[in-house]
Amino acid sequence: MRDTDDAPDPVDARLAARLTELRAEHGWSLGELAERTGVSRSTLSRAERAETSPTASLLNRLCAVYGRTMSRLLSEVEAEPALLVRAAEQRLWEDRSAGFVRRSVSPPHAGLRGELVEGRLTAGADIAYDRPPVPGLEQHIWVLEGALEVTAQDVAHRLGTGDCLRTRVWGPTRFRCAGPEDARYALVVVLP
């Protein structure tokens, strides 16, 4: 969490503005959004004012009610992505409290249903999502380094380097890196 005296990160500020716009587009009050997401009004308000950087779990809940993937939401606060995405231009997003770094390797693009994300989890990181951002979302998870435990459809899958899990996401999921090494994986996301 950042000090209230510090200026918000520019990405967090744009994200906060977009979250406010989305709520307004749906005509929801903070109270209505809180009911739909199960997130407190105060947390939502702080995120919309860029007083705090939203966690991956919070963004997932918001994406679920707005019918967007996390990548699509994050891409909406950036300029239109180019067809060729150079390594230096791939956007990073970090949830420090969860030990999660997300690189948008191939961000969402108009007319394309798929995207490619690189995820990094520190040893001991454990991220649970209570629902998919879009029901039936197709995911291919390929472990590039380390080991990863992914729980989907109430089944835990232990993945080692080189393993790939293919699934459609209908309910809660969990990504866990038990360690002792950090895990790095590629995630291909395809809209239904």
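**Core, cavity and rings**

Let's start with the core. The largest nonpolar core has 43 residues, and Phe 100, Leu 121, Ile 141 and Leu 148 touch the most other members. Helix 4, residues 56-66, gives this core its largest share, seven residues. Keep in mind that this is a predicted model.

What does Ile 141 touch, leaving out residues up to four places away in sequence? Its contacts include Leu 148, Val 150, Leu 159 and Leu 165. Asp 163 and Cys 164 are also among them.

Next, the empty space. Rolling a probe the size of a water molecule over the atoms shows where such space is left. How many cavities of 30 Å³ or more does a search of the whole structure find? One. The largest cavity holds about 290 Å³ of space.

Who lines it? The lining of the largest cavity has 21 residues. Nearest the cavity centre lie Asn 60, Met 70, Tyr 129, Gln 139 and Leu 187. By type, the lining splits into 13 nonpolar residues, five polar and three charged.

Several elements supply at least two lining residues each. Helix 5, at 70-75, is one of them. The strands that do so are strand 2 (100-106), strand 3 (114-121), strand 4 (126-129), strand 5 (137-145), strand 9 (173-176) and strand 10 (183-190). Strand 10 gives the largest share, three residues.

Now the rings. A pair of aromatic rings is described by the distance of the centres and the angle of the planes. The count here comes to four aromatic pairs. I'll show two.

Pair one is Tyr 129 with Phe 175. The ring centres of Tyr 129 and Phe 175 are 6.2 Å apart and the planes stand at 80 degrees, so this pair is edge-to-face. It links distant parts of the chain: Tyr 129 sits in strand 4 and Phe 175 in strand 9, 46 residues apart. Buried or exposed, these two, Tyr 129 and Phe 175? Both Tyr 129 and Phe 175 are buried.

Pair two is Phe 175 with Tyr 185. Here the centres of Phe 175 and Tyr 185 are 5.8 Å apart and the planes are at 25 degrees, so the pair is stacked. Phe 175 is in strand 9 and Tyr 185 in strand 10, so the pair ties together parts ten residues apart in sequence.

Phe 175 has 6% relative accessibility, so it counts as buried. Tyr 185, at 4%, counts as buried too.

Definitions and conventions. Residues numbered from 1 in each chain as written. Predicted model: local features only at pLDDT ≥ 70, side-chain atom pairs only at ≥ 80, totals over all residues. Heavy atoms only, no water. 1 Å grid on protein atoms, 1.4 Å probe; cavity = no way out; pocket = protein on both sides within 12 Å on 5 of 7 lines; lining within 4 Å. Points joined across faces, edges and corners; volume = space filled by probe spheres on them. Helix = DSSP H or I, 4+ residues; strand = E, 2+ residues; numbered from the N terminus. Nonpolar A, V, L, I, M, F, W, Y, C, P; charged D, E, K, R; others polar. Core = buried A, V, L, I, M, F, W, Y, C linked by side-chain atoms within 4.5 Å. Buried < 20%, exposed > 50% of the residue type's maximum accessible area, 1.4 Å probe, protein only. Contact = heavy atoms within 4.5 Å. Phe/Tyr/Trp six-rings, centres within 6.5 Å; stacked < 30°, edge-to-face > 60°.
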